[in-house]
Amino acid sequence: MVLLQSIGCFLALFFGIYSQWTLAALPIQHWQASSGAQVYFVESHGLPILDISVDFSAGSSADIPEKSGCASLTLQLLDLGAGGLSEDKISKSLADVGAQLSARFDRDRAGVLLRTLSNKNERNKALDIFSKVIQYPEFPENALKREKARVISGLKEAKTKPGYIARRTLNNMLYGIHPYGLRSSGEVDTLNELQRNDLVDFYQANYSAVNSVISIMGDVSRSEAAAIAEALSKNLPQGGTLNISPPVTEPVSGTKRIVHPATQSHILLAYPGLKRNDPDYYPLLVGNYILGGGGFASRLMEEIRQKRGLAYSVYSGFYPLKQAGPFQISLQTKKEQSEEALMITQKVLSDFVAEGPTEKELAAAKGNIVGGFPLRIDSNKKIMEYLAVIGFYNLPLTYLGDYVSAVDNVTVAQIKDAFQRRIPPERMVAVVVGAIEKE
Amino acid sequence: MKFNSGPTFYICRLPAFMFMLVSLISFEVFANPHEYMLANGLKIVVKEDHRSPVVISQIWYKVGSIDELNGTTGVAHVLEHMMFKGTKNISSGEFSKKIAAVGGRDNAFTSRDYTGYFQQLHKSKLALAMKLEADRMRNLILTEEEFAKEIKVVMEERRLRTDDQPHALVYEKMMSVAYQSHPYRRPIIGWMNDLENMTVGDAQEWYDRWYAPNNAVLVLVGDVDPKEVYSLAQKYYGEIESRPIASLAVRKPQTEVTQAGIKRLQIKAPAQMPYLVMGYHAPVLHDASADWEPYALQMLVGVLDGNGSARLNKELVRNQQIASSINADYDSTGRGPGMFFLSGTPSEGRSAAELESALRIEIERLIDAGVTEKELRRVRAQVVSSHVFQLDSMFYQAMQIGQLESVGLSYRDLDTIIKKLQAVTAEQVREVAIKYLIDDSLTVAVLDPQPLEQRSVIPSSIRLRH
């Protein structure tokens, strides 16, 4: 299964009959399946496509340190043998009906996604496989051995890459022994030790129905969606406890400089940022657009790239999770100018935190986020992604509409206040990989 | 499942914009595109998609790195960056800010064959996008000062995307060997030395020579009324004069000289695992109705690598475990000559040479025994479904139209292309394998990994800012 990191006959077209989603009124239906799974559904017959995702609270933070990598391997092995079908049979059967199976994995979530044509024939065949993959995975020994070797080989390769080294080092500095600090792929040592039983146990404990969110988007009726949700969840493991990560604690600030032969330095700065249900969510989100999230409209891009030509890419972002996800700034620049670039980045950040944005900047940010909202829900795929987030983080069904008005209500003072309380520039952690060697 | 065409590089202005490469296999039968031509030669293709109140507007210039000359490689892409640096009507950087302020997204991309610019926004803002895009087709102002900064950005882009990326380096060096005379031998981003010596005059010449309505196609997909789009285009682009620019059909063909024996190269770079790329010269589509080989090659990719149980993954990754990943790639469209790629990373303890032998055995097996009807049926099912799935993205739909129009084909060929793909026979797949997967037209590139020394961390310092 292809792991997507979460930051992703021919039909007659009847144009003009599609319903257009208005801002506040994405018609999300929500219910609980008899298994306890939470189901989120948007009915749309515009295209003969059905998208489904099933998400579990089984991301890398569900690992324990000595078995790091178990969560990721469990997800990866789901479709390599299930319900009496071999991996070969599974991928062939899906391909035969043109269906696509994929996966997503982050610190909180492990998700399996199916995209299929909505015709009954194709759909039923694809759903039959999908349902087995989720509910009857077999974790065959030979597939485990092979996939472990592949992950380890990939990990060894990654450890030579400056960007990867930088992200790993930063993550360690940011989260320390918190479960968010675990490497998502696991470590070479822990991977080597993982046994089939570990995966089976992990699956039983974390892939339970009550721990699952089923998102359905597309060309089926409500009653069909209900039947699909039942079929996908009735044989999931029962029981199970909800994984709750502990709160994130203050990191030890500092800057690490690591030597690397690459021509560019990779510079990263971070601090614990937002929780999904954070009271400062909107001021920080809008503020970040101005600071470094808004591409060419952002201050970091202006100072680092437009004015000085120091980098091709520079941005800042919040990655909200159940507990405080990272707030991160990232850029790459020619080794010789890395200290200059780091200094300017820190200055842009500290000026922004000290003074807040201007009214003009705020108006432009709102113009973008509010005005650009229709672009966020202009495809089935995007809508399904929102359903999955709303479901997984237990956000209100009106989240998308609320989002627009909440952004619209943010003030300059709120942004300044939120950044000053939450993002202390002098307490950030930072890493420079590809630093200039000093004697 | 994968139907991407990997090695066709795109270079984008902003890295946040991840290009999903669009391959022939997913073209759609268009129910509705509307086509117009302005008096100055600007072609306009509008496709209605009313699912959401948004529109994507793309302008495609029929010029890419294929049109560059030695000494100024990379200038097509540098000019693409400079297109955001202001006109006689707006200042540097304002273009993107104006689009962003109304909720839009914009970016640009340069490929070997074409250069494109796009805006994606609420349909009510289309006029703004068109006004700004038309303005910079004619009124761009290039200054020494802006150029000096932006060329540094492009050099950083080259470091980030090529110099420090072992696999990208392998492709770059391989292309420069696989092609001996054709301009595809030069990287889109340009050689570093050419970037270091490029002048604002080079960019100006490029702009003056190639940027005109008669060398462009405007593609719109979204919740729009084609007639209104036409009036807007007439209003903003109508006044721009055409220039004497050779159409694609009459540009010099620059046929690649015939390869006369296998070529091999080795590339050293900091890495852990070796990496193997094999490239065979192959044809591309020129006449969508008359040609058949490019379709057969596209189906061959599907048979080899169309799903987890396709031949290469099943045999080399799952059964023999000689590779930790494996790919087949082929882009059947292009202004220049095509190439059929096999690539992969050997498993730990296995060598690139072993992987090459294993791949060769798979090819021989395919040639000896042919492909089965079952395999072909499976690929056909994927052709159908991926073509439907792509309708979920307006961006894809616009890319498909623009790509075909920019390489000398037409969006009207889409219907034919899908039908011809479906009609490919097992024997045709075998025939193209016999004809094209031969040593005399093969280039083999191998990454020779150079381990990093164990380096210690430079002592940390707490950096306080006040």
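## The contact between chains A and B

Let's start where the chains meet: 79 residues from chain A and 68 residues from chain B make up the contact, with two residues counted as in contact if their C-beta atoms, placed from the backbone, lie within 7 Å. On the side of chain B that touches chain A, α2 (94-101), β6 (115-122), α4 (144-163), α12 (373-389) and β13 (457-461) each supply at least two residues. Helices (H or I, at least four residues) and strands (E, at least two) are DSSP runs numbered from the N terminus. The most comes from α4(B), with nine residues.

By type, this side of chain B has 27 nonpolar, 22 polar and 19 charged residues. Here Ala, Val, Leu, Ile, Met, Phe, Trp, Tyr, Cys and Pro count as nonpolar, Asp, Glu, Lys and Arg as charged, and the others, Gly among them, as polar.

## About the model

This is a predicted model, in which local features need pLDDT of at least 70 and side-chain atom pairs pLDDT 80 or more, while totals for chains, interfaces and linings use all residues. Residues are numbered from 1 along each chain as its sequence is written, and chains are lettered from A and ligands numbered from 1 in the order in which they are written.

## A helix pair in chain A

Helices α3 (residues 120-135) and α8 (residues 222-233) of chain A pack at an angle of about 40 degrees, their axes 8 Å apart. Axes are lines fitted to C-alpha atoms over the stretch in contact, and angles run from 0 to 180 degrees between N-to-C directions. From α3(A) come A:Leu127, A:Phe130, A:Ser131 and A:Ile134, and from α8(A) come A:Ile228, A:Ala231 and A:Leu232.

## A sheet in chain B

Chain B has an open, mixed sheet of five strands in the order β8-β12-β9-β11-β10; strands pair if DSSP finds at least two bridges between them. Six bridges join the antiparallel strands β9 (residues 275-282) and β12 (residues 442-450) of chain B.
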